[in-house]
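Dear colleague,

I am handing over the structure below, and I would be glad if you could look through it with the notes that follow it.

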Amino acid sequence: MSLISQSAADEAHTQPQISIVGAGAIGQLIYQQLSSANHSNAVSINFISRTETSQQQSLTFTNLAQQQTTQMAEFVGRNDWSHKLLKTQLLIVCVKAYQVIAALKPIIKLLSPNCHILLLHNGMGPHLDVSQMLNGQGLSLGTTSQGALKQSPWHTAQTGQGVTQLGAFSGALMNETVKRTLLSCIPQSQWYEDIMPMLWQKLAINVAINPLTAIHNCRNGELAAEQYRNIITAAVTELVQVAAAESIVLDLEGLLTRVYQVIELTASNYSSMHQDVQHQRKTEIEAINGFIVLMASRHTIRAEINQQLFASITALEQGYSSNA
Ligand SMILES: NC(=O)c1ccc[n+]([C@@H]2O[C@H](COP(=O)([O-])OP(=O)(O)OC[C@H]3O[C@@H](n4cnc5c(N)ncnc54)[C@H](OP(=O)(O)O)[C@@H]3O)[C@@H](O)[C@H]2O)c1
């Protein structure tokens, strides 16, 4: 082998191969962050597409300073899944919680057992089913508080900064080079030895804020009103009880303080569930209050308030899906 082809082979060997499932707001944001830190071609990234054939797609990104950049991204079509997925070292799943299983089902059997999967959605629950679907792959979980909005299918704008918390859930650990790449590319990202308490803490904020803003058609800040205090306290109290049954110890007072901080810090925002209901889209309620209800039933704990919030949002969804 010539010197040039040897060094190319070495680079191909060491260059982390990352695939993203879900070219939505968060998928395009993560793609942008991984590729813009990719000056020396340190990462090879593509999207796994549902189309039959592969294509190059021009993606536009607007950053927080309103600067626009455009770059070509590789979308791997079904015809090329088998050879591309076999090389993937990290598969980042950026679809909505209710899309995770359907997105992974056709893909997982084509992944190498050495591939690692990272779920990056709001809420909890899909990880339980995904961990049953693995063929030797390791699984990590994460949550991000960054904000992104799709302006059009191929134009995404970042709308907010925020922390991204990541950590191992089951099976083989993420390759150290891949992990370092991920943490160096995603701003304010952190690896946790035990990610579960972080996910439960994030869930507490979603459990309290998301359904109430959607039901009462209000901005986050309005939940500071006295009329919501009892229901917020009850929903978070139930979450703490269910988490305890899962051996996750959470501090109720600390969580409530955090919920009210988020209400204040995001006072003028509309929550994602509020927007989903207003636009008559399916919500992530099943992975938020629905997850509390599910886990409560497994531990025969009462979670009446989460059940009520879950039922109210489900009824709203049924109302507009039956009109469609
Ligand atoms: N956007 C934010 O600011 C933000 C912030 C924090 C957390 N999150 C969370 O991040 C997750 C993703 O949110 P998002 O805002 O990025 O949602 P999104 O814009 O709807 O993105 C999801 C993308 O996944 C695609 N998809 C669905 N099923 C697929 C499949 N089987 N194969 C390939 N692609 C598939 C969807 O395509 P179709 O539309 O064609 O189905 C869509 O483009 C959610 O859990 C959300 O709550 C979002």
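Predicted model: local features only at pLDDT ≥ 70, side-chain atom pairs only at ≥ 80, totals over all residues.

The shell holds 22 residues, of which Ile26, Arg50, Asn122, Ala148 and Glu284 come nearest to the ligand. By residue class, the shell divides into 10 nonpolar, 8 polar and 4 charged residues.

An N or O atom in the side chain of Arg50 is 2.9 Å from a ligand oxygen atom, while Gly24 places a polar backbone atom 3.5 Å from an oxygen atom of the ligand, and for Asn122 a backbone N or O atom lies 2.8 Å from a ligand oxygen atom. Of the 890 Å² of accessible area that the ligand has on its own, the protein covers 75%.

Turning to the backbone, most residues other than glycine have a negative phi. Gln188, which is not a glycine, has a positive phi of about 55°; Gln188 sits in the loop between α6 (176-185) and β11 (189-192), and is partly exposed, with a relative accessible area of 46%. Thr300, also a residue other than glycine, has a positive phi near 45°; Thr300 belongs to the loop between α11 (289-298) and α12 (304-323), and is exposed, with a relative accessible area of 75%.

With kind regards

How values were computed: Residues numbered from 1 in each chain as written. Heavy atoms only, no water. Helix = DSSP H or I, 4+ residues; strand = E, 2+ residues; numbered from the N terminus. Buried < 20%, exposed > 50% of the residue type's maximum accessible area, 1.4 Å probe, protein only. Near = heavy atom within 4 Å. Polar contact = N/O pair within 3.5 Å; in protein donor to acceptor, adjacent residues only side chain to side chain. Areas by Shrake-Rupley, 256 points an atom, 1.4 Å probe, with all protein chains shown as cover. Nonpolar A, V, L, I, M, F, W, Y, C, P; charged D, E, K, R; others polar.
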